[in-house]
Amino acid sequence: MFLAADSPTRSAVACLTLFAAASCLTPGTAAQETKEHGSGPAQASELRVFDPSLIDKSVDPCENFYQFSCKGWFKRNPLPPDQVRYGRFTQLYELNRLHLKQILEAAASAQPDSRSPNEQKIGDYYASCMDTATINKLGLKPLQPELDRIAAMKSTGDLPVVLARLHEIGVGAFFGVGSNQDFADATQVISFYSAGGLGLPERDYYTRTDAKSVEQRKQYVDHVRKMFVLAGDPDAEAAKDAETVLAIETRLAKASLTVTEQRDPQNLNHPTDIAAFEKDLSHFTLGEYVNVIHAPAAGKMNDMEPKFFAEFNAILAGTPIDQIKTYLRWHLIHAYAGTSLPEVFDKENWNFYSHILNGAEQQQERWKRCAGHIDFELMDALGQAYVAKYFPPEEKQSALNMTVAIEQAMDKDIDGLEWMSAETKARAKEKLHTVMNKIGYPDKWRDYSKLEIVRGDALGNQERAREFEFARDLAKIGKPVDKGEWQISPPTVDAYYDPQQNNINFPAGILQPPFFSDKEDAAANYGDMGSTIGHELTHGFDDEGRQFDKDGNLKDWWTKEDEQKFKDRAQCMVKQYDAIEAVPGVHLNGKLTLGENLADLGGLWLAWLAWLDKAEAAHLDMSAKMDGYTPDQRFWIAYAQQWCTQTRPEQLRTQAQTNEHAPDEYRTNSVLQDLPEFAKSFKCGKDAKMVSAKPCRVW
Ligand SMILES: [Zn+2]
């Protein structure tokens, strides 16, 4: 996803996986392509949190615990041709998507006058998105007003108004704007201006010089060329224009922060006011721009990447208007190529982003992609129907109970940290006690009554839905913060921590088997869902989250000494993950993945402590085997089995280079290597591969 409105509001949120929600992802990863297993998705009744049939006993658990726990699953679940990665998260997401399909098909086929306003919207959006005959017949016509606006530009002086319109409808040209809480004062919502404008996944794709990266850039230019040809340009012109796009994007990329630099909120915190920002942008009349999008024309704002905006200004000063128009036209077509334009665009778009960059061999079925758009663009309208049908209230209560148990475990654990001073401990606890737990779905649903969805107008629907969301986001500026708002939809199989709101969020979508089940024992549930809750909670105290105080302000609450101790301990993990070669020639980035790795290790540790307390209170017989394993062994196996995933090498490469999550194999083995308690459960010797000689530990 390359929505202009995305980056500012999403920058700080830390998610559990790279898999499910567009809002949780680094742009350009696998979100677009999550598909069903060839033989059909699993039924809910088949999915178990602890599943002994997935274990391969021929593998020594002390040598490779991931293979031991998951090899049976791998054998049963070969990677389908339309998948770039397929794991247990995908399995559940596919099941959820089938449920969405049923809701959408019913809404699409119901009698018009029998539908609720939301049913009309999701039903007609779905029917229009599925109607390829109409979409193919219309061609580029629905985009013509926007194309004409670009074509009519006489000089860069016309850019502010044209770009404003493009941003309103979700076109990610040049930069992004949105609302976010002020880093210095989390009670205030202000404008955030962010770097953007790239068609490749992130800035380093434009700068790396290895053979593979050079080839990918050539393939990208070829993709842009083909899209221009499909839009009706003569061959020679399209080839030249594609080079223009690469040249402009390369300049933007070089002035942008790397994905690793973006993880440090200090690098993104440059408070200024709109008048000063406008003055610096000497070749862009900001007043005209904000006037169109109805954003504030004065007041506080954050210029997230000043170096980027200086380069944007320089590009406007020295680039012929025809080249700017070419660049805008590309981003416009690109933003709608998915399902709203004729299938030839859709195919070419898939070919570059999913096949070339991520290795998919087959495009996912259209209904899934349409359901995905609605899940993202009409989040609460569809989510409300989903929750009513598929999320029993009891689930919410038992997830909440477990969350409280994990928080109590963290409280006790902080007491016992031998490296932290009493002063910092008190602050940490203060922050912990302020964390807000959000389970399942929002208490207040978004109101879509002003959004018009028209049957037969696929592109117009997408345009208006994006425009609606863009305006909704900007309208938050200057208003009180709504901490009840969610960043991901209820059916999403993911979770996140929001450091500026200090809350943890677990949507209904993940609170079911194979991650959570009241039919299974506590060992399995704590190993799996418990570790997820612990993961999100630990994000509040990882290298990024620890820089925010209990109220969500970017404010240091650590003593200097404790800060240094934290950094030294974190460095152990940076080294541990830097050493891992994900695909030949590409190592994991220990700094980029640090926050997630800290959350994985800390989260599993908290789940373990909480479960031990629970087991003790219940006088659980720790030697009593079930399905052949003791309770503690079941805890670790359930943890590992949530990560059973097959991944294509192309996708693995993209993930290692762009994503803050380590591949699932290391989220299992590397984490467990740092926990001597695991080794004890399986009686692993000190020389075993699953035992680290110098385990890392922060929380
Ligand atoms: Zn995370």
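Entry 1: Terms

I take helices to be DSSP runs of H or I with at least four residues, and strands to be runs of E with at least two, numbered from the N terminus. I note at the outset that the model is predicted.

Entry 2: The second largest pocket

I looked up which helices supply at least two residues each to the lining of the second largest pocket, and found α10 (259–262) and α22 (560–578). The helix α22 gives the most, with 6 residues. I recorded about 490 Å³ of space in this second largest pocket. Its lining consists of 21 residues, and D264, D543, Q547, K567 and K591 are the closest to its centre. By residue class, I find 5 nonpolar, 5 polar and 11 charged residues in the lining of the second largest pocket.

Entry 3: The largest pocket

I then turned to the largest pocket, which holds about 710 Å³ of space. I find 26 residues in its lining, with K444, W445, R446, R472 and D482 nearest the centre. Two or more lining residues come from each of α18 (393–416), β7 (436–440) and α20 (458–474). Which element has the largest share of this lining? I find that it is β7, with 4 residues. I also sorted the lining of the largest pocket by class: 10 residues are nonpolar, 3 are polar and 13 are charged.

Which residue of β9 is the bridge partner of D498? I find N503 in that position.

Entry 4: The sheet that contains β6

I examined another open sheet, in which 4 strands follow the order β3-β4-β6-β5 and the pairing is mixed. Its edge strands are β3 (175–181) and β5 (271–273); each has a single partner strand, so one side of each is left without a neighbour in the sheet. From one strand to the next, I recorded an average twist of 35 degrees.

I looked at β6 from both of its pairings. With β5, the strand β6 (residues 300–303) pairs in the antiparallel sense over 3 bridges, and here K300 in β6 stands opposite D273. With β4 (residues 189–195), the strand β6 runs parallel and is joined by 3 bridges. In this second pairing, I find D303 of β6 as the bridge partner of Y193.

Entry 5: Aromatic pairs

I counted two rings of Phe, Tyr or Trp as a pair if their centres lie within 6.5 Å, and called planes under 30 degrees apart stacked, over 60 edge-to-face and the rest tilted.

I looked up F174 and Y327, whose ring centres are 4.5 Å apart with the planes at 45 degrees, so I class the pair as tilted. F174 belongs to the loop between α7 (159–168) and β3, and Y327 to helix α14 (residues 321–336), so this pair ties together parts 153 residues apart in sequence. Is F174 buried or exposed? With a relative accessibility of 0%, F174 counts as buried. Y327 also has a relative accessible area of 0% and is buried.

For F284 and F312, I recorded ring centres 5.3 Å apart and planes at 65 degrees, so this pair is edge-to-face. The pair links distant parts of the chain, 28 residues apart: F284 is in the loop between α11 (274–280) and α12 (286–293), and F312 is in helix α13 (residues 306–318). I find both F284 and F312 buried.

Finally, I traced a cluster in which ring pairs link F50, F65, F68, W608, W611, Y629, F635, W636, F678 and F682.

Conventions:
Residues are numbered from 1 along each chain as its sequence is written. This is a predicted model: local features need pLDDT of at least 70, side-chain atom pairs count only at pLDDT 80 or more; totals for chains, interfaces and linings use all residues. Side-chain values use heavy atoms; hydrogens and water are left out. On a 1 Å grid over the protein atoms alone, a cavity is a set of points where a 1.4 Å probe fits but cannot get out, and a pocket is an open set with protein on both sides within 12 Å along at least five of seven lines; lining residues have an atom within 4 Å of a point. Grid points are joined across faces, edges and corners, and a volume is the space filled by probe spheres set on the points. Ala, Val, Leu, Ile, Met, Phe, Trp, Tyr, Cys and Pro count as nonpolar, Asp, Glu, Lys and Arg as charged, and the others, Gly among them, as polar. Two strands pair if DSSP finds at least two bridges between them. Axes are lines fitted to C-alpha atoms, for helices over the stretch in contact, and angles run from 0 to 180 degrees between N-to-C directions. Rings of Phe, Tyr and Trp (its six-membered ring) pair if their centres lie within 6.5 Å; planes under 30 degrees apart count as stacked, over 60 as edge-to-face and the rest as tilted. Buried means under 20% relative accessible area, exposed over 50%, partly exposed in between (1.4 Å probe, protein chains only).
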